[in-house]
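I opened the model to look at strand pairing and at the aromatic rings. My notes follow in the order I looked things up.

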Amino acid sequence: MAEQEAGYSTGARIRQRRMDLGMQQGVLAQRAGISASYLNLIEHNRRRIAGKLLVDIAAVLSIDPSQLSEDTQSALLNELRNGAVESMAEIDRVGDFASRFPGWAQHLTHSQKRVAELERTVEILSDRLTHDPHLSDALHEVLTVVTAIRSSSGILAGGGNLDAVWQERFQKNIDEDARRLAESAESLVQYLDGAGRPDQGISSAGEEIDACFARHSWHFEALEQPDMPASDVQDIAQEIVRGSEDLRSDGTRARMMRHLLEYRIRAVQMPLGAFLQAAAECNWDPLALASRFRQPIAEVMHRLAMLPATSPAGGIGLVGCDGAGNLTFRKAPEGFSVPRFDGACALWPLFEALGRPDSMLVHDVYQSQGRGPEDVPRFTALSCGVQTLPEKLGAPVLRQAYMLLIPQGLAEGSDTAPPFIDAGASCRICLQTACPARREAAILSRQKSEVAF
């Protein structure tokens, strides 16, 4: 049954069509404009494929793209199989169930999707209501204004011998505070209305910048062009910032400008074509790339995480934190959840790297959420701590750490056998029940969680 279902995948269809034509893998990769290693990942269903790349491969194979993409039956079987893994049902009978009861199978998959959507909404809203700084500031503003109005009105209601000038002053204060309260309350209501749409209502500068990066798929082709005058770079960066609706304040826009100019510096120091070729030759090893391009390891990690989505490295993720453990950079790869507001999982190698600067830690990580490691994406986590020494005696040392998440299968052929870490996203949405690093119970736990003290 497993072999029968595997035949429905897009990668398997591409491989079968190529073999039917007697075409070598390297030939197809060259004509489609991708590397042979990336095509190998696609054919073995380790990379999803759609859009322009699917059309290009179909053209090389002289076949309609719709004949390569997964059809309705294949998608249905995949969804049923995922649901069976979650509920510990009989996976080997999924195909038989779908063929005998197609209506019930469709209904079941719709129910599974709806449950997953609702669970995700609960996670995000709980995370937001607990840790959202915007919500906390808005409530504080409302309480502050209410206290001011009560204080002023109490003085007026208390009688006494207030002259007309002071009475008018207090009345004016009450009027101004009442207007301020109405504006704050209206803003708060609008924000809470948006809470029903968990993808809306970004509340911090970091979240706004992350959203801007995500809209551009973490890559800016316009800033990759060689031999651009500095004035053109400035104009392009300003155009990107002006065209982003996610950036809501002057301070955030200024921060985004700095990020874009830093991106341009990396693009000049590590040109895209040469960097991609070197990365493949070095097996995506950031230390080897740092040595080859003579760049700091943190800059190389950022460059690896912001390559084109269509390149073999398009699935690489990067998470960064400061010395206090606050997340400062969030590019989450598919299959690895990074919290928006809550504190991240203490088991992440990222935080171990904070205490071990200038060294590279290698681990294999995955987020099981109650499933086995073979059922979830796994990543090679390369974690490195960096520190900035003070310019004068007595000043603090600034520390940062970065964790590069490379999908398993991209950097093959390594001689190392790193330990596996089953990490969560954050305690409130992690289903592990016996974690020694747990700080609080999970809101969606199916069992009673043990909280470490």
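I started with strand 4 (residues 378–388), which runs antiparallel to strand 5 and is joined to it by 10 bridges. This is a predicted model, so I read everything below as computed. On the other pairing, strand 1 (residues 317–322) is also antiparallel to strand 5, with 6 bridges.

Is strand 5 enclosed or open? I found 7 of its 10 residues (398–407) buried, so the strand is largely enclosed by the rest of the structure.

Next I went to the rings and found 10 aromatic pairs in the structure. I looked up Trp-166 and Phe-170, a tilted pair at 6.1 Å centre to centre with 35° between the planes. Both sit in helix 10 (residues 164–194), 4 residues apart, about one turn of the helix. Trp-166 is partly exposed at 40% relative accessibility, whereas Phe-170 is buried at 15%.

I followed with Trp-218 and Phe-329, also tilted, at 5.4 Å centre to centre and 55° between the planes. This pair links distant parts of the chain, 111 residues apart: Trp-218 is in the loop between helix 11 and helix 12, and Phe-329 is in strand 2. Trp-218 is buried at 10%, and Phe-329 is buried at 7%. I traced both into a cluster of ring pairs with Phe-213, Phe-220 and Tyr-263.

Last, I checked for charges over rings. Arg-169 lies over the face of Trp-166, 4.5 Å from the ring centre. Arg-303 lies over the face of Tyr-263, at 6.0 Å from the ring centre.

Terms used:
Residues numbered from 1 in each chain as written. Predicted model: local features only at pLDDT ≥ 70, side-chain atom pairs only at ≥ 80, totals over all residues. Heavy atoms only, no water. Buried < 20%, exposed > 50% of the residue type's maximum accessible area, 1.4 Å probe, protein only. Helix = DSSP H or I, 4+ residues; strand = E, 2+ residues; numbered from the N terminus. Pairing = 2+ DSSP bridges. Phe/Tyr/Trp six-rings, centres within 6.5 Å; stacked < 30°, edge-to-face > 60°. Lys NZ or Arg CZ within 6 Å of the ring centre and 35° of its normal.
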